[in-house]
Amino acid sequence: MISAVQGVLGLISGASVGFSLGLVGGGGSVLAVPLMVYVVGVPEPHIAIGSSAIAVATNAAVNLFNHARGRTVIWPVAVAFAAAGIIGAFCGSLLGKMLDGQKLLALFALVMLMIAMLMLKTRARVGVPDVKMSRDNLPAIVGLGLAAGTLSGFFGIGGGFLIVPALMLATGMPIMNAVSSSLVAVTAFGLTTAASYAWSGLIAWDLAGLFIAGGIAGGLVGTSLARHLAVRRGALNVVFASVIVVVALYMLTRSLLHIWT
């Protein structure tokens with residue numbers, strides 16, 4: 001059972017996750033685990049990972065519906081990418097559960113730093129309109145989908161900030177299409193990881209429910225703003241990347257101190 005204070009913190013944290021997913025297609029999913037561990041106070045990292053996976057997947061599905069209404073999802077590419085990544089997400093989740101929780105958080109922090117670099121490097125690209133899946137880009141779509149899914153499952157993240165640059169790299173699609181299409185994979189990867197953790201009894205369902213409720217509200221606001229602030233995503237990315245770097249360094253310090261002591 002969670003306390004009333006943890007419940008409120010869970011709602012606020014979930015709203016932050018949903019807002020980020022709706023606005024820029026990621027970021028919140030990367031921060032979901034540290035929010036659960038360091039803000040809500042979940043003591044076991046594996047439970048935080050499992051609980052955040054189901055919450056992020058649900059919030060991503062809601063945001064996907066909102067983006068799909070705007071006809072910005074490139075479905076053939078999104079489905080092919082997600083299908084390849086599901087295999088990786090399942091295998092990655094099995095490996096993640098085998099690793100000590102604090103060591104997993106330390107590795108997670110390093111990946112967060114890498115994601116921050118990707119955010120700053122790729123989001124300013126304009127992209128090519130009317131992208132289609134073809135024999136030329138299919139190997140890149142499948143290969144990058146498999147890689148992104150593996151990392152997503154291993155660390156229990158939606159992987160939005162891995163998936164968006166990967167979709168742009170594989171196809172050259174514009175940023176808005178990549179953000180929208182990424183939510184198909186975020187949903188698929190999150191559900192795959194959550195199913196694996198649920199099988200092992202590593203999900204706090206009451207906390208996950210609060211994250212989902214807060215995330216739905218935050219996602220509606222984020223998606224609405226996304227349509228109006230598309231031209232300012234570069235500036236928003238700098239802010240998100242900075243937050244991720246700070247949180248990652250904090251996590252890395254805490255985890256290493258715990259391991260060494």
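I began with accessibility: a residue is buried under 20% relative accessible area, exposed over 50%, and partly exposed in between, with a 1.4 Å probe and protein chains only. By that scale I noted Leu94 as partly exposed, because its relative accessible area is 34%.

The model is a predicted one, in which local features need pLDDT of at least 70 and side-chain atom pairs count only at pLDDT 80 or more, while totals for chains, interfaces and linings use all residues. Residues are numbered from 1 along each chain as its sequence is written, and side-chain values use heavy atoms, with hydrogens and water left out.

**Entry 1, the chain.** I looked up the elements and found 10 helices and zero strands in the protein chain, where helices (H or I, at least four residues) and strands (E, at least two) are DSSP runs numbered from the N terminus. Of the 261 residues of the protein chain, 56% count as buried.

**Entry 3, the aromatic pairs.** I found three aromatic pairs in the structure; rings of Phe, Tyr and Trp (its six-membered ring) pair if their centres lie within 6.5 Å, and planes under 30 degrees apart count as stacked, over 60 as edge-to-face and the rest as tilted. The rings of Tyr38 and Tyr250 are edge-to-face, because their planes stand at 80°, with the centres 5.2 Å apart. This pair links distant parts of the chain, since Tyr38 in helix α2 (residues 28-40) and Tyr250 in helix α10 (residues 233-260) are 212 residues apart. Tyr38 is partly exposed at 24% relative accessible area, and Tyr250 is partly exposed at 40%.

I then turned to Phe108 and Phe155, whose ring centres are 5.8 Å apart and whose planes stand at 75°, so this pair is edge-to-face. Phe108 is buried at 3% relative accessible area, and Phe155 is buried at 4%. Ring pairs link Phe108, Phe154 and Phe155 into a cluster.
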